[in-house]
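Biologist: Could you take a close look at the surroundings of the ligand and describe them for me with the cut-offs spelled out?

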Amino acid sequence: MIEADRLTKYYDKHTAIRDVSFTVEKGEVVGFLGPNGAGKTTTMRILTGCLPPSGGTARVAGYDILTESLQVRRRIGYLPENIPLYTDMKVVDYLTFVAEVKGLERGTRRQRIGEIMEKCGVAKVRRTLIGALSRGYRQRVGIAQALLNAPEVLILDEPTIGLDPRQIIEIRQLIKELAGQSTVILSTHILPEVSMLCHRVIIINNGQIVAVDTPENLTTGLQSSTKLRIRVEGPVDQIGMALTQLPGVLRVVAEDEVHETAHSFVVESERNCDLRREVSRLIIERGWGLLELRPADMSLEEIFVRLVTKETQEVRA
Ligand SMILES: Nc1ncnc2c1ncn2[C@@H]1O[C@H](COP(=O)(O)OP(=O)(O)OP(=O)(O)O)[C@@H](O)[C@H]1O
């Protein structure tokens with residue numbers, strides 16, 4: 001559905017993105033993740049046909065962004081980072097205006113606007129001035145305008161930025177519902193958002209792609225060991241010693257614990273070596289209290305920092 005082929009963009013002498021290539025399959029939700037200034041917005045704007053690349057090209061829904069940009073724009077819904085909403089227009093009037101600009105058929109326009117307002121949860125504020133809406137509702141109006149032309153591809157630039165926690169949950173729910181219907185690319189700094197919403201993640205740093213994979217593969221693939229976090233009631237030294245002696249254990253780290261009788265440990269073993277049974281058996285046989293036992297995988301945050309730091313160091317070297 002989307003094929004980016006060595007996209008490059010210079011702003012004067014500054015390279016915003018360089019040789020960015022990736023594909024997105026129909027129906028996929030792909031997260032674009034990267035620190036500030038990484039090149040996310042630039043890439044997204046190029047894909048929407050709003051910004052010409054300095055090099056490379058892309059195909060969206062089968063059309064070339066350079067030579068068939070009108071066809072591309074017809075098939076794309078775009079939520080920019082700063083939505084250019086008209087604050088002195090009522091929601092329904094604004095959506096009618098966008099529907100006209102997008103060339104929606106006059107006969108079905110009203111019905112379509114009604115459906116979209118219901119879907120995006122703005123029907124009850126249809127007659128409110130956009131300027132009087134909360135940020136969460138404005139974001140919904142922004143998503144509604146992006147959806148009006150039933151786009152095959154939806155591009156959402158930081159859809160939850162600046163929203164309060166309740167609004168964030170609502171917008172994420174809305175994106176999840178859209179996922180089955182459109183192909184979605186969304187950019188974010190928020191890592192849990194990626195795990196929650198996206199089938200795949202594209203990590204971009206300094207204008208270049210540093211990783212493309214599923215959130216699960218990213219978190220397991222870069223791990224050199226398997227970690228278990230446990231909380232146990234009993235004598236800390238004896239527990240630590242017994243765990244260290246279990247076959248397959250590489251390292252045991254006792255963590256600070258405010259409780260006097262319960263102690264937390266991270267037990268590290270070879271990659272893909274699952275010691276949950278052995279650890280729980282040991283603790284129960286010794287008569288200690290097993291309060292908690294769970295995998296302590298590397299978080300997406302840790303993966304992200306590792307990839308981005310590694311890349312930055314390599315660039316500097
Ligand atoms: N119009 C412009 N003129 C000059 N430089 C620009 C312009 N737009 C972006 N840049 C630069 O290009 C680089 C990539 O910017 P871009 O906005 O694509 O990053 P981003 O990943 O979307 O960042 P953020 O998360 O902060 O929105 C940055 O170094 C930025 O300063």
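Modeller: The ligand is surrounded by 14 residues, the closest being N36, G37, K40, T41 and T42, where a residue counts as near a molecule if one of its heavy atoms lies within 4 Å of it. This is a predicted model, in which local features need pLDDT of at least 70 and side-chain atom pairs count only at pLDDT 80 or more, while totals for chains, interfaces and linings use all residues. Residues are numbered from 1 along each chain as its sequence is written, and side-chain values use heavy atoms, with hydrogens and water left out.

By class, this shell holds four nonpolar, seven polar and three charged residues, with Ala, Val, Leu, Ile, Met, Phe, Trp, Tyr, Cys and Pro taken as nonpolar, Asp, Glu, Lys and Arg as charged, and the others, Gly among them, as polar.

Turning to polar contacts (pairs of N or O atoms within 3.5 Å), a polar side-chain atom of H14 lies 3.0 Å from an oxygen atom of the ligand, and a polar side-chain atom of E81 lies 3.4 Å from an oxygen atom of the ligand. A38 takes part through a backbone N or O atom, which is 3.1 Å from a ligand oxygen atom. Taken alone, the ligand exposes 630 Å², of which the protein buries 63%, by the Shrake-Rupley method with a 1.4 Å probe.

Two or more residues of the shell come from each of β2 (14-24) and α1 (40-48), and α1 gives the most, with three residues; helices (H or I, at least four residues) and strands (E, at least two) are DSSP runs, numbered from the N terminus.

Terms used
Polar contact = N/O pair within 3.5 Å; in protein donor to acceptor, adjacent residues only side chain to side chain.
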